[in-house]
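Hi,

Here is the model I promised to send over.

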Amino acid sequence: MAENNNPQDETRTSIDEVNDTLTGLGEKVQNNPRFIVIGSIVVAVVIALILIWVYAIRQPGINAANEALGQADTELIMGNDSVALAKYKQVAADHGYKAGDLAALNAAILLYKDKKYEEALGYLKDYSASESIIGAGAKSLEGDCYVNLQKYNEALDCYKKAVSISDNNPAYTPAFLLKEATVLRELKNYKEEAAVYEQIIKEYPNYGAEIGTDLKKYLERAQAGE
């Protein structure tokens, strides 16, 4: 038997098979109206379950979390730090959503002020640090905790992440870079320290004057390996 070398046979792909499947499904629907009815019922049930979750479960949960967070904020404004801390911890433990996330961050800030760095880290690790200002600040605070615990490599990693998510904010990004340079100096990595100062001077030329610091002197010191 002669070998079939028809190129049309060779070019049949999986896309053709998908088209055949769709054609068969269309014929099945046309020949079986009950298939459409069952499909409609399933879709309706799914939609109903989603609405129940949003309005009967999720939204009340959000409202309760926001109310609890507001009570903790009030205590903080009144200067009752210890009471506020206890409430923030409770909100973080009992609630999810954005309120629970913020409660964890506020608890970490108060714990840091109390020099309870390990405990603060526990709350910061649960915080979703993705927003360009608050999230970056939270990641920087995590780095500060590590610095106080003399865990400099971990601190450096946090500052680098803070820089990466701070979206080149002229008020915050150079501050995180400056912290990064400070840790690099502690690690005696003068070459990378100098590179960070060069980046700050190049990308944020006004920052040194804004904070009253001569960054060029810091750069020269790092370049000299001193």
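Below are my notes on the salt bridges and on one surface patch.

First, the ground rules: this is a predicted model, so local features need pLDDT of at least 70 and side-chain atom pairs count only at pLDDT 80 or more, while totals for chains, interfaces and linings use all residues. Residues are numbered from 1 along each chain as its sequence is written, and side-chain values use heavy atoms, with hydrogens and water left out.

On to the salt bridges. I counted a pair when a side-chain nitrogen of Lys or Arg sits within 4 Å of a carboxyl oxygen of Asp or Glu. That rule gives nine salt bridges. Helices here are DSSP runs (H or I, at least four residues), numbered from the N terminus. For burial, I call a residue buried under 20% relative accessible area, exposed over 50%, and partly exposed in between (1.4 Å probe, protein chains only).

One of the bridges pairs D81 with K113, at 3.6 Å from N to O. It links distant parts of the chain, 32 residues apart: D81 belongs to helix α4 (residues 81–94) and K113 to helix α5 (residues 97–113). D81 is partly exposed at 31%, and K113 is exposed at 53%.

Another joins D144 and K179, with 3.0 Å between N and O. D144 is in helix α7 and K179 in helix α9 (residues 173–186), so this pair ties together parts 35 residues apart in sequence. D144 counts as buried because its relative accessibility is 14%, whereas K179 is partly exposed at 29%.

Helix α9 also takes part in the bridge between K160 and E180, again 3.0 Å from N to O. K160 lies in helix α8 (residues 152–165), so here the parts tied together are 20 residues apart in sequence. E180 has a relative accessible area of 7% and is therefore buried; K160, at 37%, is partly exposed.

There is also a network: R185, E193 and R221 are joined by salt bridges that share partners.

Last, the surface. I133, I134 and Y172 make a nonpolar patch of about 260 Å². Patches are built from residues with over 30% relative accessible area and no salt bridge, joining like charges within 9 Å and nonpolar side chains (Val, Leu, Ile, Met, Phe, Trp, Tyr) within 5 Å. The areas come from the Shrake-Rupley method with a 1.4 Å probe, and for residues only the protein chains shown count as cover.

Cheers

Notes:
Helices (H or I, at least four residues) and strands (E, at least two) are DSSP runs, numbered from the N terminus.
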